[in-house]
Every structure is written in structure tokens, then in C-alpha cells.
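Keep the sequence and the 3D view open as you read.

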Amino acid sequence: GTKFAASDIFNESDAIRIEKIKSQTYKDVEAEKQKIESERMKQEAYKQTAEVLQTELKIGMITERDYIVARGQLAVEGLTAQKAAAQAELSITSKKKDSQKEVATLAGQIALIEKQIGTEKIKTDLSLLELAKKRIDAVNAVRIAEEEELKVAQAASEKLYGERWNASADS
């Protein structure tokens, strides 16, 4: 029969191992690419939903408070999808040779997106506080107007009763 040298077996198993690694790496990269595309599609959907919300607010289908909350959630979800896409891209890029510069850039983008997420949450909270202040100011304005109306009514009432009192005293 044919004799195999130990080096032939070693080389063949190495080749098989290398093919398995290549195959798995290809599957990983494809999965990451699909994730990137999926996250980009989500971002587009968030933009469209934001436009719908704005229209609903304009025509009175939702309250200003509901709009602020929904817009804030959408912004955070959109940025979270953007972050996930950047993380997937980072995962692919980090496996490439000589990719330190790209990896650093992507890591910087991810950090920036995380800051933007925090900023959006703060903007939403501030918008809700602003809305609450507007409502309190409106309630106070109504209260002040009612107090003024009451003073005018009391003055008119006193004048009327005063005239009647004086008229009855004269008789």
C-alpha cells in the first residue's frame, strides 16, 4: 500500500482546519454585514416614523407631551441602531490586517453615538420640563385673569349696591 509520512497527515489536517476557520470567518462576516444592513433599514424606518409623528402632532392626533416622549424614544432607538451597525462594522474591520486606524475611527464613532444617546435623553427631559412650565404658566395666567374679573365684578357689585343703598336712604 501507499505509505503516508507524518508530515502529509499534519498538512492535510492543517488545511482542513484553515478551511473551517475561513468558512466560519466568512459566515461571521456575512452575519455582521446583514446586521449592518438591518440596522440601516431600522434607521430609515425611524426617520419615517418621526415624520409621521410630526404630522400627527400638527393635526392634533397626539398631544405635545406624547409627541415629545415618542420623538425622544425614536431618536434613541435610531441612534441605538446606528451604534449597533457601527459595532458590527467594527467587528468585521477588527478581523482585517492593518486595520488599527479604521478600528480607532469606528470606536470613536461608537463613543460619539453613545454621547448623542445621552444628549437625546436629556433633550427629551428638558422638553418635558419646558412643556410643564408652559402649562403652569398658562394655568397661572388663567388664575390671574379670573382674579381680575372677580375684582371687576366685585367693584361693579359694590357700586350697584352702593347706588341702591344710597337711593333707598334718600327716600
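## Ground rules

Let's start with a term that comes up a lot: buried means under 20% relative accessible area, exposed means over 50%, and partly exposed is in between (1.4 Å probe, protein chains only). Serine 99, with a relative accessible area of 5%, is therefore buried.

The model is predicted, so local features need pLDDT of at least 70 and side-chain atom pairs count only at pLDDT 80 or more, while totals for chains, interfaces and linings use all residues. Residues are numbered from 1 along each chain as its sequence is written, and side-chain values use heavy atoms, with hydrogens and water left out.

## The overall layout

Helices (H or I, at least four residues) and strands (E, at least two) are DSSP runs, numbered from the N terminus.

Of the 171 residues in the protein, 19% are buried. The protein exposes about 13200 Å², with carbon and sulfur atoms supplying 57% of that; accessible areas come from the Shrake-Rupley method with a 1.4 Å probe, and for residues only the protein chains shown count as cover. As for contacts (heavy atoms within 4.5 Å), take those with a separation of 6 or more: 73% of them are between residues 24 or more positions apart.

## The nonpolar cores

In soluble globular proteins, nonpolar side chains tend to be buried together. A nonpolar core here is a set of buried Ala, Val, Leu, Ile, Met, Phe, Trp, Tyr and Cys residues joined through side-chain atoms within 4.5 Å. The largest one has nine residues: Tyr46, Leu53, Ile62, Tyr67, Ile68, Ala70, Leu74, Ala81 and Leu131. Helix H1 (6-58) and helix H2 (64-93) each bring at least two residues to this core, and H2 gives the largest share, with five. Apart from it lies another core, of six residues, including Val76, Leu79, Ala86 and Ile110.

Leaving out residues up to four places away in sequence, isoleucine 68 touches Thr124, Ser127, Leu128 and Leu131. Alanine 81 sits in helix H2 and is buried, at 3% relative accessible area. Alanine 81 and tyrosine 46 are 35 residues apart in sequence, and their C-alpha atoms are 9.5 Å apart in space.

## A buried loop residue

Back to serine 99, which you'll find in the loop between H2 and H3. Which residues does serine 99 touch, not counting those up to four places away in sequence? They are Thr93 and Ser94.

## Salt bridges

Side chains of opposite charge can pair when their charged atoms come close. A salt bridge is a side-chain nitrogen of Lys or Arg within 4 Å of a carboxyl oxygen of Asp or Glu, and a search of the whole structure finds seven of them. One joins lysine 134 to glutamate 64, with the closest N and O atoms 3.3 Å apart. This pair links distant parts of the chain, 70 residues apart: lysine 134 is in helix H3 and glutamate 64 in helix H2. Lysine 134 is partly exposed at 45% relative accessible area, and glutamate 64 is partly exposed at 34%.

Arginine 143 and glutamate 147 pair up at 2.9 Å, N to O, and they lie four residues apart in H3, about one turn of the helix. Arginine 143 has 39% relative accessibility, so it counts as partly exposed, and glutamate 147, at 37%, is partly exposed too. Glutamate 148 and lysine 151 meet at 3.8 Å, N to O; because they are three residues apart in helix H3, about one helical turn separates them. There is also a network, in which salt bridges that share partners join Arg71, Glu120 and Lys123.

## A nonpolar patch outside

Finally, look at the surface, where Ile122, Leu126 and Leu129 form a nonpolar patch with about 320 Å² of accessible area together. Patches are made of residues with over 30% relative accessible area and no salt bridge, with like charges joined within 9 Å and nonpolar side chains (Val, Leu, Ile, Met, Phe, Trp, Tyr) within 5 Å. Leucine 126 belongs to helix H3 (residues 100-170).
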